[in-house]
Amino acid sequence: FTLVIDTKAEKFLKNLPQKSRRIIVEKILDLREDPFPKGNREKLDYPYPPAVYRLHIGRSFTVFYIIETDVIKIEKIMTIDRAHKEYSRR
């Protein structure tokens, strides 16, 4: 798979401390080998394509991504608290 990162996600990543950035980048790169849900990855229940997946990284960050053919698009990276407020704890 090829990885593509959205401009806003990239900006968020660049503003993080080096250690956090390194950990997130390592986990994102792991998606190239196996992007499909298991463990800390989950396919979200959205009614319209493309399917949106989320990846929890530690207890601090969440990455939202979509898979299109052989491309993984990193759509958003945010703190896990913000992700819960916006997406899952409704």
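The second largest pocket is lined by Asp6, Lys8, Ala9, Phe12, Glu75, Lys76, Ile77, Met78, Arg82 and Glu86. A pocket here is an open set of points on a 1 Å grid over the protein atoms alone, where a 1.4 Å probe fits, with protein on both sides within 12 Å along at least five of seven lines; lining residues have an atom within 4 Å of a point. Keep in mind that this is a predicted model, where local features need pLDDT of at least 70, side-chain atom pairs count only at pLDDT 80 or more, and totals for chains, interfaces and linings use all residues. Residues are numbered from 1 along each chain as its sequence is written, and side-chain values use heavy atoms, with hydrogens and water left out.

**More on the pocket**
- The second largest pocket holds about 160 Å³ of space, a volume being the space filled by probe spheres set on grid points joined across faces, edges and corners.
- H1, S5 and helix H3 (80–88) each put at least two residues into its lining; helices (H or I, at least four residues) and strands (E, at least two) are DSSP runs, numbered from the N terminus.
- S5 is the top contributor to that lining, with four residues.
- Sorted by class, the lining has six charged, four nonpolar and no polar residues, with Asp, Glu, Lys and Arg as charged, Ala, Val, Leu, Ile, Met, Phe, Trp, Tyr, Cys and Pro as nonpolar, and the others, Gly among them, as polar.

**Nonpolar cores**
- In the largest nonpolar core, which has 16 residues, Ile24, Val63, Tyr65, Ile74 and Ile77 touch the most other members; such a core is a set of buried Ala, Val, Leu, Ile, Met, Phe, Trp, Tyr and Cys residues joined through side-chain atoms within 4.5 Å.
- Two or more residues of this core come from each of helix H1 (7–14), helix H2 (18–30), strand S3 (52–57), strand S4 (61–68) and strand S5 (71–79).
- S4 gives the most to this core, namely four residues.
- Another core lies apart from it, with six residues, including Val52, Phe64, Met78 and Ala83.
- Setting aside neighbours within four places in sequence, Ile24 is in contact (heavy atoms within 4.5 Å) with Leu13, Leu16, Ile57, Phe61, Val63 and Ile77.

**Ile28 in helix H2**
- Ile28 sits in helix H2 and counts as buried because its relative accessibility is 7%; the scale is under 20% relative accessible area for buried, over 50% for exposed and partly exposed in between, with a 1.4 Å probe and protein chains only.
- Beyond neighbours within four places in sequence, Ile28 is in contact with Leu3, Val63, Ile74 and Ile77.
- Ile28 and Leu55 are 27 residues apart along the chain, and their C-alpha atoms are separated by 8.7 Å.

**Strand S3 and its partners**
- In a regular strand the side chains alternate between the two faces of the sheet.
- From S3, Val52, Arg54 and His56 point one way and Tyr53, Leu55 and Ile57 the other, and all are buried.
- Strand S2 (residues 41–43) runs antiparallel to S3, joined by three bridges; strands pair if DSSP finds at least two bridges between them.
- Arg41 is opposite Leu55 in S3.
- S3 also pairs with S4, antiparallel again, over six bridges, and Val52 stands opposite Ile66 in S4.
- Three residues lie between the strands in the S3 and S4 hairpin, where Gly58 takes a positive phi near 60°.

**Val71 in S5**
- Val71 belongs to strand S5 and, leaving out neighbours within four places in sequence, is in contact with Phe1, Thr2, Val4 and Ile66.
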